[in-house]
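Please keep the sequence and the structure in view while reading.

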Amino acid sequence: MNTHQKIGLFFGSFNPVHIGHMIIANIMAENTDLNKVWFVVSPQNPFKLSKGLLHEFDRYDMVKAATADHYKLEVSDVEFNLTKPSYTIHTLAYLREKFPDKEFKVILGEDNLENFSKWKNHEEILEQFGLYVYQRPHATNSELKRHPNVKVVDAPLLDISATYIRNCIRNNKSIRYLVPEPVEQLIRLKHYYQ
Ligand code: ATP
């Protein structure tokens, strides 16, 4: 059966994926008309090698573990094999060609809306795909929120980041409940971020 599906794309480095990400993805998948949410793991940028950024396969595996028990949440490695650095418009164009029966939307925090107008081909992203925006603390009110292809979705604000979690690990602090349990197990087993 090839029914039309609306997919929300949640882009990130997910280094590691944490409950802030999980809550947004779940709300987008359950409380909107999106059928699925794909976590699109960003690859290493070969021109900008960042210390502390785990290999893309390891970050992918953690998202895979985090989403395994939710049939509406999936992980995508699509950007690993596309030209780097990754531009959202290139990824979108590729996905549209590969999955012509699916409609793709970009999930974005309100804080990222402020510099959205600097993104490559942002008008094309807006007109041909569209954004699902969730509110974030300290975001200024962008007039983009009134655009017909921007859907604003209510979500709780959770002030946690991957940086905070990596610092906890480095300082031997507990990360219980900050990441999904299978992610915590992987981090411990593989001694990530120490
Ligand atoms: P880092 O601390 O390493 O910069 P991060 O926690 O911001 O990482 P990313 O992988 O960069 O994680 O996040 C992917 C997307 O999720 C980004 O668009 C980011 O704005 C958003 N995001 C990050 N943390 C949260 C959170 N607590 N709640 C909602 N969205 C978040």
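How many Å separate an oxygen atom of the ligand from an N or O atom in the side chain of threonine 163? The distance is 2.5 Å, and the pair is a polar contact, that is, a pair of N or O atoms within 3.5 Å. The model is a predicted one, in which local features need pLDDT of at least 70 and side-chain atom pairs count only at pLDDT 80 or more, while totals for chains, interfaces and linings use all residues. Residues are numbered from 1 along each chain as its sequence is written, and side-chain values use heavy atoms, with hydrogens and water left out.

Histidine 18 places a polar side-chain atom 2.8 Å from an oxygen atom of the ligand. At isoleucine 160, a polar backbone atom lies 2.8 Å from a nitrogen atom of the ligand. The ligand taken alone exposes 600 Å², of which the protein buries 81%; such areas come from the Shrake-Rupley method with a 1.4 Å probe.

The shell around the ligand may be considered next.

The ligand takes up the space of the largest pocket. A pocket is found on a 1 Å grid over the protein atoms alone, as an open set of points where a 1.4 Å probe fits, with protein on both sides within 12 Å along at least five of seven lines; lining residues have an atom within 4 Å of a point. A molecule sits in a pocket if more than half of its atoms lie within 2 Å of its grid points. About 1,300 Å³ of space lies in the largest pocket, a volume being the space filled by probe spheres set on the points. Its lining has 47 residues, and Phe11, Gly12, Ser13, Ser42 and Asn112 are the closest to its centre. H1 gives the most to this lining, with 4 residues.

The second largest pocket holds about 220 Å³ of space. Among the residues that line it are Cys168, Glu184 and Tyr192. H7 (181–190) is a helix that, like H6, supplies at least two residues of the lining.

Technical notes: A polar contact is a pair of N or O atoms within 3.5 Å; within protein, one must be able to donate a hydrogen and the other to accept it, and residues adjacent in sequence count only if both atoms are side-chain atoms.
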